[in-house]
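Q: Please take a close look at strand pairing in this structure. Then put it in context with the helices and the chain as a whole.

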Amino acid sequence: MSNIAIRVDDLSKQYTIGLAQRRHDTLRDQIMDSLRSIFRSNGHGSASGRKCSGASNTIWALKNVSFEVKHGEVVGLIGRNGAGKSTLLKILSRITDPTTGRAEIYGRVGSLLEVGTGFHGELTGRENIYLNGAILGMRRGEIENKFDQIVAFAEVEKFIDTPVKRYSSGMYVRLAFAVAAHLEPELLIVDEVLSVGDAAFQRKCLGKMSDVAREGRTVLFVSHNMLAVKHLCGRALLLEGGCTVADGSSEVVIGKYFDNISTCNSTSLGERTDREGDQRLKFLAYQLLDSCRNEALASVSAGQDLSIAFRYESQNREPLKNVHVAIGINGKYDERLTHLSTNVSGEDFAEIPSKGVIICHVPRLPLLPGKYSFNLFSTVSGEISDWIQNAGAFEVVYGDFFGSGRLPPQDGSSFLTEHSWEVRSTF
Amino acid sequence: MTEVSSFPDFREPTVVIEPRKSLLHLDLKAIWEYRELLYFLVWRDLKVRYRQTVIGIGWVVLQPVLTMVLFTAVFGNFAKIPSDGVPYPIFTYSALLPWNLFASSLARGTESVVGNAQLISKIYFPRLLLPISGILSPTVDFAISFVIFAAMMIWFRTLPTWGVLALPLFLILALLTALAVGLWLSALNVRYRDVGHTIPFLVQLWMFASPVAYPVSLVPERWRVLYSLNPMAGVIEGFRWALLGKESPDFEVIIISSMMVTTLLISGVVFFKHTERTFADVI
């Protein structure tokens with residue numbers, strides 16, 4: 001008797017990049033090619049067949065990934081964008097084939113890579129529940145039994161016979177999630193579907209997810225929301241460049257994830273090509289430092305004295321005059337939270353050396369735990385010199401900002417504000 | 001709450017995921033398991049098709065009737081094309097029945113995969129369901145047009161013969177033709193959207209290569225075999241024979257057409273199954 005729910009054995013997936021160019025092939029070429037590869041794959045397998053056609057512009061989205069998940073385990077799958085998380089979920093959901101390797105799944109799988117797959121705007125809420133349920137693999141009887149629960153969960157009773165194209169986006173997402181939430185597979189594969197909807201709805205989704213986990217069902221869960229992973233999953237897998245680099249308790253693996261983020265980003269800034277400006281001043285790298293101890297930080301904690309340091313270089317190796325530098329800090333939805341600038345602090349540099357490090361000090365960082373990114377901007381003598389969107393990212397972890405050991409709830413609030421309370425008899 | 005010990009004991013994996021190697025892995029079992037989804041896909045198509053139109057289902061009636069009127073005027077009256085001794089309206093409508101079914105099945109079948117790109121990239125189901133559902137939904141239109149045909153038979157005082165019992169066979173042949181070509185085109189359309197653009201042109205050309213407006217007897221004898229390679233020639237010939245009791249059904253045409261459909265269908269399934277594993281990556 002085996003207790004394994006998912007067994008992944010040496011799974012790899014290769015993608016051909018530069019498909020845009022291949023599309024210009026003539027139809028005739030393609031037909032010949034397909035016929036040829038049909039005959040070829042008959043004997044040798046598709047992997048070898050595909051490799052022949054241009055091995056140079058291929059990329060391994062997943063490389064030799066192996067792991068096992070037991071029944072009842074809730075496993076978080078984390079990693080940066082492009083690490084291969086979605087590819088892995090797509091293979092396990094049988095949406096795309098692996099190039100090599102094998103996976104075995106024991107039990108009925110419900111996979112939720114998106115809420116509302118197959119929803120049709122012209123159909124009513126009622127009709128979409130049936131359609132979407134069927135798409136997710138529910139039997140008609142099952143949908144009929146759960147219909148009232150689904151409608152109640154989505155809170156759309158009044159509009160159930162209205163075409164969903166007339167729904168507000170909130171109602172639409174609620175209905176879509178409600179159908180998915182009533183799927184009862186033995187194994188649940190969930191992509192980042194919880195990042196939709198408003199805060200109240202997200203809380204509801206997370207609640208539903210932890211119910212599922214508590215019921216003892218097996219869940220494989222991809223998220224960028226580390227708090228959710230920490231909260232829901234006992235175990236986490238960290239993917240990087242298509243390989244598993246860490247597997248263990250979610251706390252440890254999440255820590256490793258943050259370490260990797262900061263080391264990776266600090267090296268790549270100088271090589272970025274998606275930047276604007278004449279590059280008279282060019283940012284080469286950044287580092288997050290603890291202001292007091294001047295040490296590089298893997299992750300930043302709330303309330304910490306933070307220094308953001310940038311190494312820069314002048315293109316023509318001459319000192320730079322009249323330099324303005326700005327950092328725009330964005331939240332997890334890429335919304336601008338604040339703007340740190342030499343201009344507003346009244347500290348534009350009259351002249352700086354041709355190379356060096358510019359440091360911005362932020363005492364008692366007033367950010368809640370979560371994921372942040374920042375843009376970098378600079379002008380030299382009024383001309384844009386270097387401008388990089390999403391130049392880097394950092395994670396703020398729990399820190400004792402108030403000295404009380406507590407932080408406010410994270411949904412809805414963006415900032416920590418120093419404050420105190422008292423009682424008087426009158427104004 | 002479930003106890004750990006009560007987990008189902010799976011000795012055999014429910015699903016094994018591997019690179020697919022075999023050439024013909026039809027997986028009819030999976031299609032059968034997903035029959036409800038097939039039903040819902042067809043149902044969705046029917047529900048959505050005439051939403052927010054003024055005359056709604058009236059379009060199903062108007063399209064063939066107007067085509068028939070036009071053909072009768074142009075080909076029957078002006079060009080004086082012979083109609084095997086049957087009133088021309090009935091003669092051409094009996095061909096428009098399978099032709100319209102085929103044309104819209106083919107168009108829907110071809111668009112079915114690309115039109116459901118969102119489903120393809122987000123969820124698993126047997127991909128063959130898409131072209132199958134695409135060819136099935138126009139059968140409802142066919143049924144409605146058929147009622148009109150029955151009314152016309154009464155009006156022109158034409159009686160069906162025993163041949164009418166063979167009609168389902170030719171109906172299936174028409175659907176299989178649409179499926180066979182639709183499998184090829186829908187799979188090609190994923191990579192080359194050009195295919196979608198050629199459909200209206202292809203359908204028009206194909207109609208003139210089929211005996212919709214004229215009888216097969218007009219085609220010179222020595223071209224007959226070549227002509228019959230068009231499966232729709234056999235289908236339409238079969239429909240006319242079954243519905244109008246035309247004396248000499250050209251069985252040679254029907255048999256060659258059927259063989260052509262079989263070849264196209266088998267190769268279509270192989271091609272579709274071969275390309276479907278890359279659908280999600282390319283679409």
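A: Start with chain A, where four strands build an open, antiparallel sheet in the order β12-β11-β14-β18. Its edge strands are β12 (295–296) and β18 (355–362) of chain A, each pairing on one side only. Here, two strands pair if DSSP finds at least two bridges between them. Strands are DSSP E runs of at least two residues, helices H or I runs of at least four, both numbered from the N terminus.

This is a predicted model, so local features need pLDDT of at least 70 and side-chain atom pairs pLDDT 80 or more, while totals for chains, interfaces and linings use all residues. Residues are numbered from 1 along each chain as its sequence is written, chains are lettered from A and ligands numbered from 1 in the order written, and side-chain values use heavy atoms, leaving out hydrogens and water.

Two bridges link it, antiparallel, to β11 (residues 281–290) of chain A. D290(A) has E295(A) of β12(A) as its bridge partner.

Angles run from 0 to 180 degrees between N-to-C directions, with axes fitted to C-alpha atoms, for helices over the stretch in contact.

Within this sheet, β1 (residues 4–16) and β4 (residues 100–105) of chain A run antiparallel and share five bridges. V8(A) is bridged to A103(A) in β4(A). Contact means heavy atoms within 4.5 Å.

Helices pack on each other too. In chain B, the axes of α6 (residues 129–136) and α7 (residues 138–155) come within 5 Å and cross at roughly 15°. That makes α6(B) roughly parallel to α7(B), a label for angles under 35 degrees. G134(B), I135(B) and L136(B) of α6(B) meet P138(B), T139(B) and V140(B) of α7(B).

Finally, chain A overall. It has 10 helices and 20 strands. Of its 427 residues, 48% count as buried, meaning under 20% relative accessible area (1.4 Å probe, protein chains only).

Conventions:
Angles under 35 degrees count as roughly parallel, over 145 as roughly antiparallel, 65 to 115 as roughly perpendicular and the rest as oblique. Buried means under 20% relative accessible area, exposed over 50%, partly exposed in between (1.4 Å probe, protein chains only).
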